[in-house]
Amino acid sequence: MVAIGRSRFAGGLLKFVLLGAPLIPIIGAGCIPPPLPDNLEADAPHRSLLREAPRAVVRQEDGVLDAAWLEITRDDGKAVGGYVSLQKSPRGALVLLVDGASTFQETGSDAQALTFHRDFGADLRAFGFRTWSLSVQECGTAYGQDDVDDLVAVLDWLDDVGLEALNVERVYIVGYSTGATVTQIASQRRKVTAAVSLAGLSQPDQLEELYDVYRWVSDLYPHNAGLCKLADTLAFYGPPGSMAWEALDSVSHVTEFKHPMLFVHGMRDIIYFPENTLAMEMAYLTARGRRAGVPEMTFKYLPEGEHYTVRSDPAVRLSVIRWLETFEPDPSPVPLNGIPGLKE
């Protein structure tokens, strides 16, 4: 956590301005903020009930032919759902996908989950994994709060009845951006086979360091779900230096992770700075040096990678898939011909 007056990310604001981060529009000299969708009140897609599963319901969404909407109810009565692939896994393995903010989606977080299902999820399914792309809570909760509770509730449901219902034996998590932050915090509370953090926020430092900038930007788009959640985060944790920010400090809790992790970060990331993952690696190496009990962690950096590279680059996807395969009892490599964009 950044102390008041400390500048761990010195030059961070200059980095935003010079590199033109898409979420930090610069107003002045005749410039206006770029348009972002007012997706906060987006209508939910039409879904018809297919059947009821143990402590869950399954619905079919219009226009989605390769997945069903699987929704469970948390202990507190709130619902969390996502797109589970109809294609079963010959491996007996399920990958939970947790995407980033729906900032650019016209219809909000459900559409973001469907996009992750259709791109990253398609490659995972081509390699024999079943996928469930979750739509965790966005506006109305801060980072690290109800969104993490959503993922934890899904993991508890899987452990209770879901593994048998979905005919899987192993569970993995792949989180991107804010979804990677959710994945990191949930990985300190529940155990799966392994998990992946793609371009995640591992500590609150940059949010505290650039607090006024983030507050200014979120105020520009009060009806955008992704930036509404950013505003909720700033309001919930309070001004820089507040003790509450420690809830987002996964770096300081590196010894509490319960399973192997792969961290991937682009060194030119101006949304979540690479210092997040660099700090995690340093904490991990320190813990290993003390012989503290910490699961194996792997760190991969892309010298020219940007925030969106780790989600869209076929080579990155393949490296993630190959890493997940190391935990499978029978990797059974799938030929890459016929999978567009993926090459060894």
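Predicted model: local features only at pLDDT ≥ 70, side-chain atom pairs only at ≥ 80, totals over all residues.

Me: How many residues line the largest cavity, and which lie nearest its centre?

Reply: The lining of the largest cavity is made up of 18 residues, and those nearest the centre are D99, G100, V136, E138 and T178.

Me: And what does that lining look like by class?

Reply: Sorted by class, the residues lining the largest cavity comprise 8 polar, 6 nonpolar and 4 charged ones.

Me: How much space lies in the largest cavity, and how many cavities of 30 Å³ or more are there?

Reply: The space in the largest cavity comes to about 150 Å³, and the count of cavities of 30 Å³ or more is 1.

Me: OK, switching to D150. Where does it lie?

Reply: D150 is part of helix 4, which covers residues 146-166.

Me: Why does D150 count as buried?

Reply: D150 counts as buried because its relative accessibility is 0%, and the cut-off for that label is under 20%.

Me: Which side chain does the side chain of D150 make a polar contact with?

Reply: The partner is the side chain of R74, with the polar contact at 2.8 Å. If neighbours within four places in sequence are left aside, D150 is in contact with R74, V80, V136 and Q137; of these, V136 is also among the residues nearest the centre of the largest cavity.

Me: What about D205, is it buried or exposed?

Reply: D205 is buried, with a relative accessibility of 0%, and it is found in helix 6, residues 205-209.

Me: Last one, T277. Where is it found, and which residues is it in contact with once sequence neighbours within four places are left aside?

Reply: T277 is found in helix 9, which runs over residues 275-289, and with those neighbours left aside T277 is in contact with S202, F263, H265, F299 and Y301. The C-alpha atoms of T277 and V251 are separated by 8.6 Å, the two residues being 26 apart along the chain.

Me: Why is T277 called buried?

Reply: Its relative accessible area is 1%, and because buried means under 20%, T277 is classed as buried.

Technical notes: Residues numbered from 1 in each chain as written. Heavy atoms only, no water. Helix = DSSP H or I, 4+ residues; strand = E, 2+ residues; numbered from the N terminus. Buried < 20%, exposed > 50% of the residue type's maximum accessible area, 1.4 Å probe, protein only. Contact = heavy atoms within 4.5 Å. 1 Å grid on protein atoms, 1.4 Å probe; cavity = no way out; pocket = protein on both sides within 12 Å on 5 of 7 lines; lining within 4 Å. Points joined across faces, edges and corners; volume = space filled by probe spheres on them. Nonpolar A, V, L, I, M, F, W, Y, C, P; charged D, E, K, R; others polar. Polar contact = N/O pair within 3.5 Å; in protein donor to acceptor, adjacent residues only side chain to side chain.
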